[in-house]
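Welcome, and please open your viewer. We will go from stop to stop, selecting a few residues each time and looking at what is there.

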Amino acid sequence: GYLPLVGRQTGVGLMTSVDGGTNWDAGTLIDQDGWFNGSIVEAEPDVIIVLYYNLTMSALRMQRIVLTEQGPQVEDI
């Protein structure tokens, strides 16, 4: 039951909602890059894959993120 939103903040941030978007958590920084034009796909329940181009590293970046009650668990793929 998580609704994830990834976008630009002071870097690339992930915010989640557990009530359909009425309330959001404070957010988690998942990358320092200040640009995001990527894609998110649900790989399995409570697991998302985030794919985007990182301008700072000049490389395509992919992250697997497990959404938990303790916060997101981010790992590079």
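Predicted model: local features only at pLDDT ≥ 70, side-chain atom pairs only at ≥ 80, totals over all residues.

**Stop 1**

As background, strands of a sheet pair through backbone hydrogen bonds, either parallel or antiparallel.

**Stop 1: Asp31**

Stay in strand 3 and select Asp31, showing its side chain. Is Asp31 buried or exposed? Its relative accessibility is 8%, so Asp31 counts as buried, the cut-off for buried being under 20%.

The side chains of Asp31 and Tyr52 make a polar contact of 2.5 Å. Then turn to Asp33: its backbone nitrogen lies 3.2 Å from a polar atom of the Asp31 side chain. Asp31 also belongs to a network of salt bridges, together with Arg61 and Asp76. That network leads us to the next stop.

**Stop 2: salt bridges**

How many salt bridges does the structure hold? There are 4, and we will visit some of them.

Select Arg61 and Asp76 first. They form a salt bridge, and their closest N and O atoms are 3.0 Å apart. Arg61 lies in strand 6 and Asp76 in strand 7 (residues 73-76), so this pair ties together parts that are 15 residues apart in sequence. Arg61 is buried, because its relative accessible area is 16%.

Now move along strand 6 to Arg64, and show Glu44 and Glu75 with it. Arg64 forms a salt bridge with Glu44, where the closest N and O atoms are 4.0 Å apart. This pair links distant parts of the chain, since Glu44 is in strand 4 (residues 39-44), 20 residues apart from Arg64 in strand 6. Arg64 also forms a salt bridge with Glu75, with 3.9 Å between the closest N and O atoms. Here the link runs from strand 6 to strand 7, and the two residues are 11 apart.

Arg64 is partly exposed at 25% relative accessibility, Glu44 is partly exposed at 41%, and Glu75 is partly exposed at 40%.

**Stop 3: a nonpolar patch**

Keep the surface on and select Trp35, Leu51, Tyr53, Leu55, Leu60, Met62 and Ile77. Together they form a nonpolar surface patch with about 640 Å² of accessible area. Strand 5 (47-54) and strand 6 (59-66) each supply at least two residues of this patch.

Finish by picking out Leu55. Where is Leu55 found? In the loop between strand 5 and strand 6. With a relative accessibility of 45%, Leu55 counts as partly exposed.

How values were computed:
Residues numbered from 1 in each chain as written. Heavy atoms only, no water. Patch = residues over 30% accessible without salt bridge, like charges linked within 9 Å, V, L, I, M, F, W, Y side chains within 5 Å. Areas by Shrake-Rupley, 256 points an atom, 1.4 Å probe, with all protein chains shown as cover. Salt bridge = Lys/Arg side-chain N within 4 Å of Asp/Glu carboxyl O. Helix = DSSP H or I, 4+ residues; strand = E, 2+ residues; numbered from the N terminus. Buried < 20%, exposed > 50% of the residue type's maximum accessible area, 1.4 Å probe, protein only. Polar contact = N/O pair within 3.5 Å; in protein donor to acceptor, adjacent residues only side chain to side chain.
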